[in-house]
Structures are given as structure tokens and as C-alpha cells.
Amino acid sequence: IPFERTSLSPDNYSLLLKNNFGIKNFLLFPDRPLMYIWFEIQNIIIGENSFRSLIGVFLSSLLTIFVTYLFLSLFFDKKNSIIIIIIYSLFISKLEIFHSSIFINSNIVSSLYIISLINFIVFIRNNRFIYYFFSLILYSIGIFWYEIGVFLPVVFFIFSYFFRNNNNYYFKKSIYEILPFIIILLFYLTYRSSGAFGYIEPFP
């Protein structure tokens with residue numbers, strides 16, 4: 001108690017000890033190229049320094065909590081947002097991300113997806129293209145980092161359509177708004193499944 005995985009798996013260690021390939025990670029690891037580039041940067045900054053590792057886990061966890069609070073504050077008042085984020089942070093399933101530097105990666109990419117969602121919602125509400133642009137850029141970075149946001153365009157569509165007057169005009173407008181996200185997603189899936197367009201053995 002609390003119930004959690006208290007050890008790292010072999011693939012976690014391999015990520016922390018991998019060789020440096022730089023931009024070539026896009027060809028060697030088309031499934032998550034930015035994640036592998038991040039681990040190379042993290043290994044340079046943190047290495048085997050336990051104190052730096054602790055600071056990295058703390059700051060990345062704090063980032064995730066903060067951006068989640070910003071997301072909640074779009075729908076709830078400050079008090080309720082804080083209560084929800086406290087409950088969120090104490091979920092048993094969340095404890096795993098607080099005990100090793102390997103999860104700095106997960107915290108950062110999760111935060112990028114949440115910030116992308118925040119920007120898209122603000123765009124829908126204020127109709128300012130700059131927020132849409134940032135949402136698209138952050139989603140593009142996220143999908144080539146770690147594919148946990150693969151279904152996020154569906155959430156974008158829901159916000160785009162149902163937070164407006166749901167008629168045919170806004171249905172078409174919503175389709176157009178998520179189309180660039182779908183194109184990026186399809187490109188990523190093709191790039192991944194083809195092994196960087198045939199450079200290496202295709203990924204499942």
C-alpha cells in the first residue's frame with residue numbers, strides 16, 4: 001500500500017542507456033522519434049545524477065498538474081478546479097509517474113497534449129487563429145513523441161461542433177477545423193507503419 005509498480009522494466013532501462021543518434025532517430029525509430037531524441041537530451045542533462053533526476057521528476061509532474069488545472073479552470077471555478085486536481089494527483093494509478101526519471105518523458109508529452117487541447121478550446125471560444133496554430137503545432141510534436149493523443153482530434157471535433165450552434169454550417173466548419181489534425185495523424189500512422197517509408201522494417 002499504495003499499490004503500484006515499484007520497479008522499472010528492462011525496456012525502461014534501455015531507453016535511459018541508449019546510444020545517441022540525434023535527428024537520425026526519425027529514421028531508426030519512426031514510432032516515437034521525438035521521445036528518443038528527448039531521452040538523449042535527458043541523459044546529457046541528468047545522466048546518473050539522482051538529485052537532478054528527482055528535480056526533473058518533480059518539475060515535470062508539477063507541469064502536468066499545472067496544465068491540468070488550467071484545463072479544468074476552463075469549465076470550473078478556482079476552488080473546484082483545485083479540488084479536482086488534488087483528487088487527480090492522488091489517484092493510485094498516477095503514483096507510478098512520480099518515482100523515476102523515466103517518467104519525465106510521459107509527464108512532458110501529456111502536458112503538451114493538454115496544452116494543445118486548451119489552445120483549441122480557447123480558439124473555439126475566441127476565434128483567434130493563433131491559438132489554433134499553437135494547438136496544431138503542439139499536437140504534431142506530441143504525436144511524433146508518444147502516440148497517447150491519437151484520438152485527440154475526436155475531442156477537438158466534439159468541442160468544435162457541440163460548443164457552437166449545432167447546424168450543418170458548423171458541422172462542415174468543424175470538419176475543416178480538425179482536418180489538418182487528421183492529416184498529421186494519418187501521416188504519422190503511415191510513417192510509423194511503413195518504417196519511415198521503407199528505411200527500416202515496418203512497425204506494427
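Contact here means heavy atoms within 4.5 Å. Keep that in mind for the views below, which come from a predicted model.

View 1. Start by stepping back: the secondary structure comes to 10 helices and zero strands. Read from the N terminus on, the elements go α-α-α-α-α-α-α-α-α-α. The chain has 204 residues, and 42% of them are buried. Take the contacts with a separation of 6 or more: 64% of them are between residues 24 or more positions apart.

**View 2. Tyr-113 and the residues around it.** Here we zoom in on Tyr-113, which is found in helix 6. Is Tyr-113 buried or exposed? Buried means under 20% relative accessible area, and Tyr-113 has 6%, so it counts as buried. Leaving aside neighbours within four places in sequence, Tyr-113 is in contact with Tyr-139, Gly-142, Ile-143, Tyr-146, Glu-147, Ile-148, Gly-149 and Leu-152. Look at Tyr-139 in particular: Tyr-113 and Tyr-139 are 26 residues apart in sequence, yet their C-alpha atoms are 6.1 Å apart in space.

**View 3. Helix 6 against helix 7.** On the helix 6 side, the contact is made by Val-109, Leu-112, Tyr-113, Ile-115, Ser-116, Asn-119, Phe-120, Val-122 and Phe-123. Helix 7 brings in a list of its own, including Phe-129, Tyr-132, Leu-138, Tyr-139 and Gly-142.

View 4. How many aromatic pairs does a search of the whole structure find? It finds 28. One of them joins Phe-120 and Phe-181 in an edge-to-face arrangement, 5.8 Å centre to centre with 80 degrees between the planes. This pair links distant parts of the chain, since Phe-120 lies in helix 6 (residues 104-126) and Phe-181 in helix 9 (residues 168-193), 61 residues apart. Phe-120 is buried, at a relative accessible area of 0%, and Phe-181 counts as buried at 0% too. Another pair, Phe-123 with Tyr-132, is tilted: the centres are 5.0 Å apart and the planes make 55 degrees. Both Phe-123 and Tyr-132 are buried.

**View 5. One aromatic cluster.** Now put those rings together with a few others. Which residues form one aromatic cluster? They are Tyr-113, Phe-120, Phe-123, Phe-129, Tyr-132, Tyr-139, Phe-156 and Phe-181.

**View 6. A charge over a ring.** This close-up shows Arg-125 and Phe-75. The charged end of Arg-125 sits over the ring of Phe-75, 5.3 Å from the ring's centre.

**View 7. Helix 4 against helix 5.** Last stop: helix 4 (residues 50-72) packs with helix 5 (residues 78-89) at an angle of about 140 degrees, and the axes are 9 Å apart. Helix 4 and helix 5 are therefore oblique to each other. Helix 4 passes helix 5 in a right-handed crossing. From helix 4, the contact uses Thr-64, Ile-65, Thr-68, Tyr-69 and Leu-72. Facing them from helix 5 are Lys-78, Ser-81, Ile-82, Ile-84, Ile-85, Tyr-88 and Ser-89.

Note on methods. Residues numbered from 1 in each chain as written. Predicted model: local features only at pLDDT ≥ 70, side-chain atom pairs only at ≥ 80, totals over all residues. Heavy atoms only, no water. Phe/Tyr/Trp six-rings, centres within 6.5 Å; stacked < 30°, edge-to-face > 60°. Helix = DSSP H or I, 4+ residues; strand = E, 2+ residues; numbered from the N terminus. Buried < 20%, exposed > 50% of the residue type's maximum accessible area, 1.4 Å probe, protein only. Lys NZ or Arg CZ within 6 Å of the ring centre and 35° of its normal. Axes fitted to C-alpha atoms, helices over the stretch in contact; angles between N-to-C directions. Parallel < 35°, antiparallel > 145°, perpendicular 65-115°, else oblique. Left-handed = near helix turned anticlockwise from the far one by under 90°.
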